[in-house]
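Visitor: I'd like to learn how to read this model feature by feature. Could you walk me through it, general idea first and then the case at hand?

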Amino acid sequence: MGKHGKHGQHGKRRRRGKHLVWDWNGTLLDDIEAVIGATNAAFAELGLEPITLARYRELYTVPVPKFYERLMGRLPTEAEWSLMDGIFHRHYWQRAEDCGLTAGAAELLAARQESGLTQSLLSLAPHADLIPLVRRHGIEERFVRVDGRVGSSTEGKSAHMVRHLEALAAVQTVQVDRVVVIGDAADDARAAAHVGARAVLYTGGSHSRASLEAAGVPVVDSLAEAVAVAEELG
């Protein structure tokens with residue numbers, strides 16, 4: 001990755017600094033409007049009432065069938081879930097093409113890489129869809145590793161995080177107590193805790209501030225603040 005050769009010049013800083021594991025949807029990618037649009041388009045096809053952004057943030061959870069349980073009053077059947085998941089993703093990916101990066105994201109990622117500090121990207125978006133989108137935004141080289149989902153769409157992030165850190169360990173030394181996950185969902189905090197890492201949660205995505213604060217980790221309103229808080233964590 002083009003500029004990683006500079007890391008040698010910043011050896012001490014690199015060892016001191018945190019390794020950031022960034023979430024994609026709702027964190028680096030400003031896609032919450034696409035998510036709401038796709039959700040309501042799917043709901044319309046299924047005969048469900050539309051949902052507001054505030055209501056979505058209040059109810060959203062993973063695994064996603066649990067979110068539908070909160071909306072429907074019961075867990076969807078396997079057939080219903082398969083249908084809902086397919087409809088949502090069809091509508092979402094039509095909209096995702098027009099989504100931009102969150103304010104300041106590109107500059108933060110570039111500055112961090114230029115300083116010799118490391119970061120990676122871990123997403124529950126399908127890997128085959130994630131990679132072209134990351135490349136289109138011109139930020140792939142900012143990360144030492146990018147991992148999207150390759151398994152079940154109902155799996156949460158904890159197992160995914162374990163695999164991500166194992167893969168990272170093959171290319172560089174990553175001490176888990178120096179890892180900070182930056183995401184927009186309580187699941188990001190759970191995944192961090194699962195591997196013994198820290199987390200900072202950003203309010204611009206899928207959860208309300210109240211539900212994020214219930215996760216018991218720092219909650220911030222910008223990605224710049226997220227990075228600053230991450231570096232200060234003990």
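Guide: Let's begin with a definition: helices (H or I, at least four residues) and strands (E, at least two) are DSSP runs, numbered from the N terminus. Just after helix H7, Gly138 takes a positive phi of about 70°. Before we go on, note that this is a predicted model, where local features need pLDDT of at least 70 and side-chain atom pairs count only at pLDDT 80 or more, while totals for chains, interfaces and linings use all residues. Residues are numbered from 1 along each chain as its sequence is written, and side-chain values use heavy atoms, with hydrogens and water left out.

Visitor: Which residues of H7 are buried?

Guide: The general idea comes first. An α-helix has 3.6 residues a turn, so residues three or four places apart point the same way. As for the term, buried means under 20% relative accessible area, exposed means over 50%, and partly exposed is in between (1.4 Å probe, protein chains only). In H7, which spans residues 127–136, the buried ones are Leu130, Ile131, Leu133 and Val134.

Visitor: And what do the buried residues of H7 pack against?

Guide: Their partners are helix H5 (78–96), strand E2 and strand E3 (146–149). Contact here means heavy atoms within 4.5 Å.

Visitor: How do I read strand pairing?

Guide: Two strands pair if DSSP finds at least two bridges between them. Take E1, residues 19–22: it pairs in the parallel sense with E4 (residues 179–183) over four bridges, and with E2 (residues 119–126), again in the parallel sense, over three bridges.

Visitor: Which residues of E1 are buried on each side?

Guide: His19 and Val21 are buried on one side, Leu20 and Trp22 on the other, which leaves both faces of E1 covered.

Visitor: Now the charges. How many salt bridges does the count come to?

Guide: Side chains of opposite charge can pair when their charged atoms come close. The cut-off is a side-chain nitrogen of Lys or Arg within 4 Å of a carboxyl oxygen of Asp or Glu. By that rule, the count comes to 14 salt bridges.

Visitor: What about Arg135: buried or exposed?

Guide: Arg135 is exposed, at 52% relative accessibility. Its salt-bridge partner is Glu140, with the closest N and O atoms 2.9 Å apart, and Glu140 is partly exposed at 27%. Then there's Arg142, which forms a salt bridge with Glu141 at 3.3 Å between the closest N and O atoms. Arg142 is buried, at 14%, whereas Glu141 is partly exposed, at 28%.

Visitor: Which residues are linked with Lys157 in a network of salt bridges?

Guide: Asp23 and Asp188. Lys157 sits in helix H8 (residues 157–169) and is buried, with a relative accessible area of 4%. Its side chain also makes a polar contact with the Asp23 side chain at 2.7 Å. A polar contact is a pair of N or O atoms within 3.5 Å; within protein, one must be able to donate a hydrogen and the other to accept it, and residues adjacent in sequence count only if both atoms are side-chain atoms. Not counting residues up to four places away in sequence, Lys157 touches residues including Leu122, Ser123, Leu124 and Ala191.
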